[in-house]
Amino acid sequence: MSNYPSRTDIVTAMRNPHVSFKSNEIIGGSVIQKGSRIIQYSGGYTTVFPFHKQTGNKVAVRLWIADIGDAKKRSLEISNYLENLNNAYFAGFKYIDDAILVNGTLHPIVLMDWVDGQTLKEYINSNITDTSKILGLAEKFKEMTAYFHKENIAHGDLQHGNILVKSDGSLVAIDYDSMFIEPLNGMSDTIKGLPGYQHPTRHSNQFVNSRLDYFSELVIYLSLLIYADTPKLWDDYYETEDLLFSKDDFANPSNSKLISSHLKSANPTISELTEKMVEELKATDISQLRPLEDLLINRREVAKDNIFDKWEKQPNPAVKKKVSLPDKNDITNKF
């Protein structure tokens, strides 16, 4: 793709569907408006329109406004992969070439199922005083990342705006521009994600791979545990671009008051995971990072198990001394 259209040109095209809409998927449909204003959600590389198809189904129509490198190949591969995977952690995603005429040039779109839900931050904000719901969210997030690992998938930009919580509490990841799936192996890692979720070495990572999410997973899971433990912290972070930790915390963990205070947390899971975050920050490449399930293995429990294991496997295990009492008859017979 080249000659990316401006947002203004795209909106003009959306206002003239009889001329602009060329794909059967959108012909007969219409963008959703609020009064005379067309609703759109702008990102760094794309713009998204809530849209009613001719059938009445609500979807999201997404167009690129800037180059992310091989957008067509990426989107086609992801579209085919997710269709075959058919998993509820992902919204329906379909790449359609030459779908819309903008300023005299045909452009592709991505048609996505519309997901009704709250972003991660909206959900936390609604439930910050309910510890069980925040811990439940952490558990569901952990289950989602374990599924990604099992399928060798990385979202690539896990952050509060790209994770939706539906009314039943289930999670859906959206925005797949930085995703890794096997067919994309060897493609460049163009979109690096929000700094408050990323390992400092992510900016120098060259190619997408299955480890893209490892540090973000730790950041999100640990942050949720901390908010469940100390909800009063939320007021300081709700309106920021970070969930809790920032790029400055990651750049200088030894000078971070946030990291320092949670290394001393009375909650052993929080203190141990914070300690592991500091260890992960010593990595010089994201290939050295560990997945969340490995980081959650309790170090103290492993040490205890190793001690018992070592004890049982030693070549001459200690045997409890058997105390045998003398036969009473032997004693009385002497007299």
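The ground rules come first. Residues are numbered from 1 along each chain as its sequence is written, and side-chain values use heavy atoms, with hydrogens and water left out. Because the model is predicted, local features need pLDDT of at least 70 and side-chain atom pairs count only at pLDDT 80 or more, while totals for chains, interfaces and linings use all residues.

Start with confidence. pLDDT is the predictor's confidence in each residue, from 0 to 100. The chain averages a pLDDT of 90, and 88% of the residues score at least 70. Residues 331-335 fall below 50, and that stretch has one contact in the model beyond near neighbours in sequence. Contact here means heavy atoms within 4.5 Å.

Next, the overall build. The chain holds 13 helices and eleven strands. Both are DSSP runs, numbered from the N terminus: helices are H or I with at least four residues, strands are E with at least two. Of the 335 residues in the chain, 44% are buried. Buried means under 20% relative accessible area, exposed means over 50%, and partly exposed lies in between (1.4 Å probe, protein chains only). Among contacts between residues at least 6 apart in sequence, 60% join residues at least 24 apart.

Axes are lines fitted to C-alpha atoms, for helices over the stretch in contact, and angles run from 0 to 180 degrees between N-to-C directions. Angles under 35 degrees count as roughly parallel, over 145 as roughly antiparallel, 65 to 115 as roughly perpendicular and the rest as oblique. A crossing is left-handed if the near helix is turned anticlockwise from the far one by less than a right angle, and right-handed if clockwise.

Take H4 (residues 120-127) and H5 first. Their axes come within 9 Å and cross at roughly 155°. That makes H4 roughly antiparallel to H5. The crossing is right-handed. On the H4 side, Leu120, Tyr123, Ile124 and Asn127 make the contact; H5 answers with Lys133, Ile134 and Leu137. Five of these residues are nonpolar, one is polar and one is charged. In this scheme Ala, Val, Leu, Ile, Met, Phe, Trp, Tyr, Cys and Pro count as nonpolar, Asp, Glu, Lys and Arg as charged, and the others, Gly among them, as polar.

H5 (residues 131-150) also meets H6 (residues 214-229). Here the axes come within 8 Å and cross at roughly 165°. H5 and H6 are therefore roughly antiparallel to each other. Their crossing is left-handed. H5 contributes residues including Ile134, Leu137, Phe141 and His149, and H6 contributes residues including Tyr214, Ile220, Leu224 and Ala228. The contact divides into twelve nonpolar, three polar and two charged residues.

H6 in turn packs with H10 (residues 268-280). The axes come within 10 Å and cross at roughly 150°. This pair, too, is roughly antiparallel, and the crossing is left-handed. Among the contact residues are Phe215, Leu218, Leu222 and Asp229 in H6, and Ile270, Leu273, Met277 and Glu280 in H10. Ten residues of this contact are nonpolar, two polar and two charged.

Gln159 sits in the loop between H5 and strand S10 (163-165). Gln159 counts as buried, at 10% relative accessibility. Leaving aside residues up to four places away in sequence, Gln159 touches Leu194, Tyr197 and Ile220. Gln159 and Glu241 are 82 residues apart in sequence but 9.4 Å apart in space, C-alpha to C-alpha.

Ser204 lies in the loop between strand S11 (171-173) and H6. Ser204 is partly exposed, at 49% relative accessibility. Its C-alpha is 9.3 Å from that of Ile286, 82 residues away in sequence.

Asn86 lies in the loop between helix H3 (71-85) and strand S7 (93-102). Its phi is near 50°, a positive value in a residue other than glycine. Asn86 is exposed, with a relative accessible area of 68%. Asn103 lies in the loop between S7 and strand S8 (105-113). Phi of Asn103 is near 55°, again positive in a residue other than glycine. Asn103 is exposed as well, with a relative accessible area of 64%.
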